[in-house]
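Keep the sequence and the 3D view open while reading.

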Amino acid sequence: MVRAIVEKAFTPTKKYVELFGKSTDSKPTTGIVTGSKYTEVDTGDEYLFDETGDGTWTKVKAGWVDPDA
């Protein structure tokens, strides 16, 4: 289950969020803006959202697991 820790309105239909959840949880891709953050609590990996194009989450920091392993 994804949990939102911070939600700040950006526009009436979009918001900046900081989310926490498991690596197996689906990361949302609608209603949030570029720069929103998702932290996987089981791996420690951190992702930032980019709403341009098709809207994707990009890993920006590896947590407790070696991403090259």
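## Terms and basis

Two residues are in contact when they have heavy atoms within 4.5 Å of each other. Strands are DSSP runs of E with at least two residues, helices are runs of H or I with at least four residues, and both are numbered from the N terminus.

The model is predicted: local features need pLDDT of at least 70, side-chain atom pairs count only at pLDDT 80 or more, and totals for chains, interfaces and linings use all residues. Residues are numbered from 1 along each chain as its sequence is written, and side-chain values use heavy atoms, with hydrogens and water left out.

## Overall fold

The protein has five strands and zero helices. Among contacts between residues at least 6 apart in sequence, 9% join residues at least 24 apart.

The C-alpha atoms fill a box of roughly 40 × 25 × 15 Å along the principal axes. The radius of gyration, taken over C-alpha atoms, can be compared with a globule rule of 2.2 Å times the number of residues to the power 0.38. For 69 residues, a compact globule would have a value near 11 Å, and the protein agrees with this at 12 Å.

## Surface and charge

A residue is buried under 20% relative accessible area, exposed over 50%, and partly exposed in between (1.4 Å probe, protein chains only). Of the 69 residues, 26% count as buried. The protein exposes about 4600 Å², of which carbon and sulfur atoms supply 53%. Such areas come from the Shrake-Rupley method with a 1.4 Å probe, and for residues only the protein chains shown count as cover.

There are 9 positive and 12 negative side chains, and the centres of the two sets lie 6 Å apart. Lys and Arg count as positive, Asp and Glu as negative, while His and the chain ends are not counted. Each charge is placed at NZ of Lys, CZ of Arg, CG of Asp or CD of Glu.

## The nonpolar core

A nonpolar core is a set of buried Ala, Val, Leu, Ile, Met, Phe, Trp, Tyr and Cys residues joined through side-chain atoms within 4.5 Å. The largest one here has seven residues: V17, L19, I32, Y38, Y47, F49 and W57. Strands β2 (15-21) and β4 (46-50) are the elements that give two or more residues to this core.

Which residues does I32 touch, not counting those up to four places away in sequence? The list is K14, K15, V17, F49, E51 and W57.

## Residues in strands

E7 lies in strand β1 (residues 3-9). Leaving aside neighbours within four places in sequence, E7 is in contact with K15, Y16 and V17.

T39 is found in strand β3 and counts as buried at 10% relative accessibility. Beyond neighbours within four places in sequence, T39 is in contact with L19, F20, G21, D45 and E46.

## Residues in loops

Leaving aside neighbours within four places in sequence, the contacts of S23 are E40, D42 and T43. S23 and E7 are 16 residues apart in sequence, and their C-alpha atoms are 21 Å apart.

G44 sits in the loop between β3 (37-40) and β4, and counts as buried because its relative accessibility is 8%. Leaving aside neighbours within four places in sequence, G44 is in contact with K61, A62, G63 and W64. E51 is in the loop between β4 and β5 (56-61) and is partly exposed, at 28% relative accessibility. Setting aside neighbours within four places in sequence, E51 is in contact with K14, I32, V33 and T34.
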